[in-house]
Amino acid sequence: MIIRQLLRGVFLPPVEFGSRSAVLRALSGMPHPKSDMTEFREVFSKAKHVAIITGAGVSAESGLPTFRAASGHWRKWKTQDLATAQAFSRNPSRVWEFYHYWRELAIRAEPSAAHRAIAECEARLSKQGRSVVIITQNTDELHRRAGSRHVLEIHGNLFRTRCLNCGDVETNHQSPICTALKGKGDPDPSCSDANIPVEDLPRCNQGGCDGLLRPDVIWFGETLDSHVLTKVEKVLDACDLCLLVGTASVVFPAALFAPQVAARGVPVAEFNIRPRAATSSSTYHFQGPCATTLPNALARHETEEI
């Protein structure tokens, strides 16, 4: 698999979530992406297997803050410093407060126009014998709530838990996830930690295990699920069109996905509110809010089957 070969070669050591993106500078010098929507839609109309890689920008348009934004703090801590196994080991109450805050935001959020456009596109193309698979770095389930069925969540899911004792993984949409977290998680810097006793935090209910639960998400410094990564590799190897939506492509290994596809000569189209990155390997770049640019790009083409 190309991703694994890259990870063993030039791009060491980055199956870890959060590794730096400087190594992508080797990709500079690529032709400047085009912004011809008519040309893109013609390419899209002929694609049989579409891979759509989404990032925080899609969910930001649903009102969810991003980890890497300049304002990426919760209380007085950087969000990236809370999303680690070390932080959870030191203070599971604080980390659960933080994730309770994120879960509550995600529960209240509604899928954006970009989420809905992707779901509609997937449903429409499947009737034509074409495939759409979403590879998302987001953990908020908004793609699924919009109606998407083929979603690979490479960074896990806010609404799953994993037991530190028995390893059991469960889906949990309770709000709050446990009584002790009710009303907690306020992000205001003036708020103090709740200091919830560990026995009152989310616990495993499998066969009397009662182990401490953690969010089933990929924290900084942790490796991605190899089963999910294998599925991602198969999708990228098979696709004949790749879309980057709402992602700066700076977090590994997702930063390698589009370059891998582009190396096969497959068109890559980027939809992002940010200007084109100097390391972009995209064929097309459409700057602006995804909720504005993507629905038009994915709308039914006049030559498509109905």
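Entry 1, the sheet. I looked up the strand order and found an open sheet of six strands, β5-β4-β1-β9-β10-β11, with parallel pairing; strands here are DSSP runs of E with at least two residues, helices are runs of H or I with at least four, both numbered from the N terminus, and two strands pair if DSSP finds at least two bridges between them. The edge strands are β5 (151-153) and β11 (284-287), each of which pairs on one side only. Neighbouring strands of this sheet are turned against each other by 15 degrees on average, direction ignored, where axes are lines fitted to C-alpha atoms, for helices over the stretch in contact, and angles run from 0 to 180 degrees between N-to-C directions.

The model is predicted, so I kept in mind that local features need pLDDT of at least 70 and side-chain atom pairs count only at pLDDT 80 or more, while totals for chains, interfaces and linings use all residues. Residues are numbered from 1 along each chain as its sequence is written, and side-chain values use heavy atoms, with hydrogens and water left out.

I then followed β9 (residues 241-245) and β10 (residues 268-272), which pair in the parallel sense over four bridges; the bridge partner of C242 in β10 is V268. Helix α7 (residues 113-126) packs on the sheet and touches β1 (49-54) and β4 (131-136), its direction making about 150 degrees with that of β4, with contact meaning heavy atoms within 4.5 Å.

C166 is found in the loop between β6 (156-163) and β7 (169-171), and it touches C204 and C209, not counting residues up to four places away in sequence.

C204, in the loop between β7 and β8 (213-217), counts as buried because its relative accessibility is 6%. Leaving out residues up to four places away in sequence, I found that C204 touches C163, C166, C209, D210, G211 and L213.

The unreviewed UniProt entry places the feature "active site" at H155, which is found in the loop between β5 and β6 and is buried, with a relative accessible area of 4%.

Technical notes:
Buried < 20%, exposed > 50% of the residue type's maximum accessible area, 1.4 Å probe, protein only. UniProt positions renumbered as here; feature names shortened; annotations may be inferred.
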